Amino acid sequence: MQRLIEFLRRYHFILTFLFLETLCMIMIVRSNPVPAAWYFSASNTFRGRTQSLYSEVTDYFYLKKVNRDLVQENQQLYEQLNALLAIHDTSILPVVRKINYDYIPAKVVGNAMYLNKNTMLLNKGRSDGIEKDMGVVAPEGVVGIVAEVSENHAVVLSLLNKASLISAKIMPYNYTGTIYWEGTDTRTVLMRDLPTHIYINKGDTIVTSGFSSIFPEGVMIGTVKSYHIEPSRANYKVEVALSTMFASLQWVYIVKNLAAAEQNELLSKFEEIEQNQQ
C-alpha cells in the first residue's frame, strides 16, 4: 500500500494529464460526428483484422481434424453411392442386390513419384482388414492396387507403375481396353486394345470397366488427351490425362470387395474345368 501511495505521489501529474487527455478525446468524439465516424471506422477495422488473424490461426490448428472429418464424410458418401448403384429397377418390380464394396480410408505416408515402378505406403494394414489385390481410389479417381501388406501398413502399386495394368472402358461406348503407363509423364497414362471402328473424341471419359474383382465399375481414371491408330495393329492407342493428382495425394480409400472370395472361387473352378477338358 505504501508503494502505491508513493507511486501516485510521484507520477500524479502524468496520470492527471493522461486522464484529462482521455476525457477530452471522449468529449470531442461524442460532440463532433467526423472524429466519431473516424474513430468507429478505425476501431472496427482493427477489430476485424484482429478477428480475421485469430480465425486464420485457429483454423490452421484445426486443419488436421477437418481433413479427418472430410475423409470420413467421403467414405460415407462412397458407401451411399454404392448403395444407390446396387438398386436396379426392372419392368416388374425393383430388385435390390447386396452392397458389394466397403471403402476404408487410409493416409498416404510414403509416395514414390519419379521411378519406373512407383509405389505408395499407406497407414492401414492386415489389422484393419486390408489384403493384397485390393483396389485403391481417391476422390478424383483410381490410384492403384495393394501389392504387399504388413500388420499396420500396405504398399500400393501405383497406376504410375510400368507393371500396373487396369481394365477400363471409354464412355459412352462401353468399349473396353487396358490402361498402362510407359514410364514418362506422371500426368498421363495410355489405353490400348480399342477397336478403330468406334468414334473417339478428345475429352471422352475413361472409367474402370468392372470386369475384375478389384475395382467397382465406373470409377474415374481420366479423359482422352489424344489418340492415333497403332501402325502394327488395327487398334487405337489413346493418351489419357489422369484425373488423380498423384503428387499431392494425402488420403485415399482402399476398396474391399465383399464378394471377392466368391468370385475368385468361381473363376478358379471354371479355369480348372477348362484345363481338364483340354
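User: Taking helices (H or I, at least four residues) and strands (E, at least two) as DSSP runs numbered from the N terminus, in which loop is Asp204 found?

Analyst: This is a predicted model, in which local features need pLDDT of at least 70 and side-chain atom pairs count only at pLDDT 80 or more, while totals for chains, interfaces and linings use all residues. Residues are numbered from 1 along each chain as its sequence is written, and side-chain values use heavy atoms, with hydrogens and water left out. Asp204 is found in the loop between strand S10 (188–195) and strand S11 (205–208).

User: How far from Asp204 is the nearest side chain of opposite charge?

Analyst: Lys and Arg count as positive and Asp and Glu as negative, while His and the chain ends are not counted. A salt bridge needs a side-chain nitrogen of Lys or Arg within 4 Å of a carboxyl oxygen of Asp or Glu, and buried means under 20% relative accessible area, exposed over 50% and partly exposed in between (1.4 Å probe, protein chains only). Asp204 is buried and has no salt bridge, for the nearest side chain of opposite charge, that of Lys202, lies at a distance of 12 Å.

User: In what order do the 6 strands close into a barrel?

Analyst: Strands count as paired if DSSP finds at least two bridges between them, and in the barrel of 6 strands the pairing is antiparallel. One such link joins strand S4 (residues 117–122) to strand S7 (residues 154–161) through 5 bridges, and within it Met120 has Val156 as its partner. The order in which the barrel closes is S3-S4-S7-S6-S5-S14.

User: Is Asn161 buried or exposed?

Analyst: Asn161 has its place in strand S7, and it touches Asn116, Lys117, Asn118, Thr119 and Trp181, not counting residues up to four places away in sequence. Because its relative accessibility is 1%, Asn161 counts as buried.

User: Which residue meets Lys169 in a salt bridge?

Analyst: Side chains of opposite charge can pair when their charged atoms come close. Here N and O are 2.4 Å apart in the salt bridge of Lys169 with Glu217, a pair that links distant parts of the chain, 48 residues apart, with Lys169 in strand S8 (residues 166–170) and its partner in the loop between S11 and strand S12 (220–229). Lys169 is buried, since its relative accessible area is 8%, and the residue it meets is Glu217.

User: With which residue does Glu182 form a salt bridge?

Analyst: The closest N and O atoms of Glu182 and Lys237 are 3.1 Å apart, and this pair, 55 residues apart, links the loop between strand S9 (175–180) and S10 to strand S13 (residues 235–242). The salt bridge of Glu182 is formed with Lys237.

User: How many residues of S10 are buried?

Analyst: S10 pairs in the antiparallel sense with S9 over 3 bridges, where Thr178 has Arg192 as its partner. S10 also pairs in the antiparallel sense with S13 over 6 bridges, where Met191 stands opposite Val238. S10 is mostly covered, the count of buried residues being 6 of 8.

Definitions and conventions. Contact means heavy atoms within 4.5 Å.
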